[in-house]
Amino acid sequence: MTSDATETDRIAAPVPGPAPLRRLVQMRETGLILIILALFVAMTFASPYFLTWVNIRAMVMAFAVEGIVVVGMTVLLISGGIDLSVGSVTALAMVIAGLLFLAGIDPWVASAISIVACAGIGMVMGIFVTRVGLHHFIVSLAVMVIARGLCLLGTGGRPLGLYTLPEEFKFIGQGAIGPIPVVIVIFLVVVLVFDFLLRRTTMFRKVVYTGSNERAAAYSGIRTRRVIFATTTLCSALCGVAGIIFMARFGSAQPTFGVGMELNVIAAAVIGGASLSGGQGTIFGAILGAALLSVISSSLALLDVSVYWQDIIRGSILLAAVTIDLYLTRKRR
Amino acid sequence: MTPDVLLRVHGLSKSFGPVQALRDASFDLRRGEIHAVAGENGAGKSTLMNIIDGILQPDAGTIEIDGKPVRITSPTVAQKLGIGFLHQEIALCPDVSIAENIFMATTSASRRFLMNYRELKEKARRMFGRLSTIDPETLVRDLSISQQQLVEIAKALTLDCRILILDEPTASLTEAEAQVLFGIMHRLSARGISQIYISHRMAEIFEHCDRVSVFRDGRSIMTRSIAETSPSEVVNAMVGRVLDRLYPEKLAPEERSDQVILSVRNLSERRRFRNISFDLRKGEILGIAGLIGAGRSEIVKGICRLEGEVTGEVVLDGRPLSLCSYRDSVRAGLVYLSEDRKGDGVFLDLPIAANVSALRVEQVATRLGLIDPRREAGQARALGARLNLKCGSVADSASSLSGGNQQKVALAKLLSVTPRVIFLDEPTRGVDVGAKSEIHRILRQLARDGVGIVVISSELPELIGLCDRLIVVHEGELMGEVPAERMTEQTVMHLASGLRSQEEFA
């Protein structure tokens, strides 16, 4: 198939590259924005409650914190990896910070220690992947179970009530700057920073090279194992950050939080254009994927669709998105 | 209609988007003949073969077998019609034995529930024994590329086919293995099996085929009986113009310099090569000859620290190098062009510009480590122009290019760091005739500009035509050196097959 396509286009050598407008149309992000807008229009007619500030804020809040994990997952997927442990590691971040706080440590210090611990989990996974040579899937599957076990062990399975958290700490999860919740501000900053880094820095370009073709990257002098180690660590560290924000928001640490989160996060990244085989994806796209999932959940809830149906619909949307993508990329090659 | 025509294709057209891959192409295949199909990459050969094998559907045109029109809607239909396709790319299951691979298709077609391993082994021994002495119970992952190719051939032969399409089957075979294959092809032809033989190699076409058809720009240009044509007529028809010279001018004796750019001393790697010593002089193109598996690539990769635990000395411009990784090697100015372009040479999904910048992205970035897209595109355009790269925009993905142009992208990547020495491993493999001679000219120009050029090639005529000096390796040992004056296929093959003779040590 490929050899054929490459064979044919020598004849077409003088065909000019797509015009900027065509390129814009072909971009995944454009399609997602259109779908989200279409949903907005339809839902505005279907439910008077949909297009209200309260609902929109709720929709953004629903994926903002998870969105930070989506960022880490997208970078990891681009480098060719995957992480199933994000949900349990996020919960573990809450539990570690919560336990340390209850032991009398300053909440900010406790949070920092917790984030470092999560990064450490990522490093361990990175070592198993790059040095031992195991697959990301298996390593993170094991860590998913281990981290969940640690959560339950640390808390005895019960949520930790952190009623004495200082107000200024709870501010990061519950406060607002003007009309905009702090959570959303943090989320936007993380997204903008990583989107920029990924598009423009040499450091992140090496991530793209590694995921696109690991051997070719190695043959370009890139230390691919180091890259994969770094992206694995980054993803877990961002889970730590998300866990802390969740803790500040709920005022508690919940050992069973985030079950099934990995599916949402991976689905968002993939709907947003990340490829499970690496080398492709953007932060912006992944966030749009997360937004789409959130808008759909909210719409279904407003339309009184049963929660069980929501899961079925979400799964179907993921399948549809990936299928459509396969056709589009096949045509482009 | 001639009665002995088995397959007739008439007025076939096929386009992919704006690209017309086949225009009104016609082709006929007689019973029992070996029919060579030649043409540059992009000429439409593969499209035609994929249509005959049912992988692609034509936009217009007819296919007849035995005078009856047929519609070949899928490879399964093609198989039922007796069409077998030996693809260039190897598609075997690495974790099972040769025997199971050979009978994969028959197994899937059989209605029996249980595998009959004894019968399978017995049949495989008989089938594969004709091709090679390798035990058919060996796992495919333990075979070399050329041995895997033999398994592919055996696999195609198990299907009862009347028409066998062979897509450059000898590209990865040694001379001896290729001879075995030709023997089999002639036997098949005597049994009345028609074969379509795709190849770039004129010598093979003229020695073993009955007729030849040439394609260019999606059209069938000519079909001739081998007796009525000549290699130069075929090449000219392929290229569409008269090629004045196949290879660029070599260094004249007075142009040769004694200045050594790179000198390698006693390079060894535990199992793969021992005590390799040679010099690369300024202005020359040095070739490394040897059979597949002799250790040619391993030596070069060892010098660049791409793989292996290497001992020995590498001196560049009089300064001994201590390299630990390929990064060090690139920094020192030694770069390597991979033999496996699609596997590890280019990033197919990424834009051309990102491919060119990959070796040192920092070059197109600001001091803060931010990539400047304009500088990146500018670099790609400048190097692309220098190498005569044909592409729409440098923002297009590398997969949109032909093999020859992809190779130029890989070369542009190496040139982006202004290297001192470039090691090229099979630089023209899978590249069409026109681009091939262009790449040769580029290499010659680079050598004249003072860049050290070392070329590995399995095509002996290429090495002989291009290089000023050859070193020959056999089973990991340096057998000798051949200067331009004494370069003949015999001298080189003599050394490559392990026959050391005193006089070759100049």
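1. Chain B contains 18 helices and 20 strands, and it belongs to a predicted model, which should be kept in mind for each point below. Chain A, by contrast in its make-up, has 15 helices and 4 strands.

2. On overall dimensions, a compact globule of 506 residues would have a radius of gyration near 23 Å, and the 24 Å computed for chain B agrees with this. The C-alpha trace of chain B spans about 70 × 50 × 50 Å along its principal axes. For the 333 residues of chain A the corresponding expectation is near 20 Å, and the value of 21 Å agrees as well; the C-alpha trace of chain A spans about 70 × 55 × 35 Å along its principal axes.

3. Among the contacts in chain B with a separation of 6 or more, 67% are between residues 24 or more positions apart. In chain A, of the contacts between residues at least 6 apart in sequence, 78% join residues at least 24 apart.

4. Strand S17 of chain B, residues 421-425, deserves a separate look: 5 of its 5 residues are buried, so the strand is largely enclosed by the rest of the structure. Val421(B), Phe423(B) and Asp425(B) point one way from S17(B), whereas Ile422(B) and Leu424(B) point the other way, and all are buried. In a regular strand the side chains alternate between the two faces of the sheet.

5. As for the neighbours of this strand, S17(B) pairs in the parallel sense with strand S16 of chain B, residues 334-337, over 4 bridges, and Phe423(B) in S17(B) is the bridge partner of Tyr336(B). S17(B) also pairs in the parallel sense with strand S18 of chain B, residues 452-456, over 5 bridges, with Gly452(B) in S18(B) as the bridge partner of Val421(B). Between S17(B) and S18(B) the chain passes through helix H16 of chain B, residues 433-448, and this β-α-β crossover is right-handed.

6. Finally, a loop position: Leu368(B) lies in the loop between helix H13 (352-357) and helix H14 (373-386) of chain B. Leu368(B) has 8 other C-beta atoms within 10 Å and therefore counts as exposed, the cut-off for that class being 12 or fewer. Leu368(B) and Glu40(B) are 328 residues apart in sequence, and their C-alpha atoms are 45 Å apart in space.

Terms used
Residues numbered from 1 in each chain as written. Chains lettered and ligands numbered in written order. Predicted model: local features only at pLDDT ≥ 70, side-chain atom pairs only at ≥ 80, totals over all residues. Helix = DSSP H or I, 4+ residues; strand = E, 2+ residues; numbered from the N terminus. Rg over C-alpha atoms; globule rule 2.2 N^0.38 Å. Contact = placed C-beta atoms within 7 Å. Buried ≥ 20, exposed ≤ 12 C-beta atoms within 10 Å, placed from the backbone. Pairing = 2+ DSSP bridges. Right-handed = clockwise from strand over helix to strand, strands pointing away.
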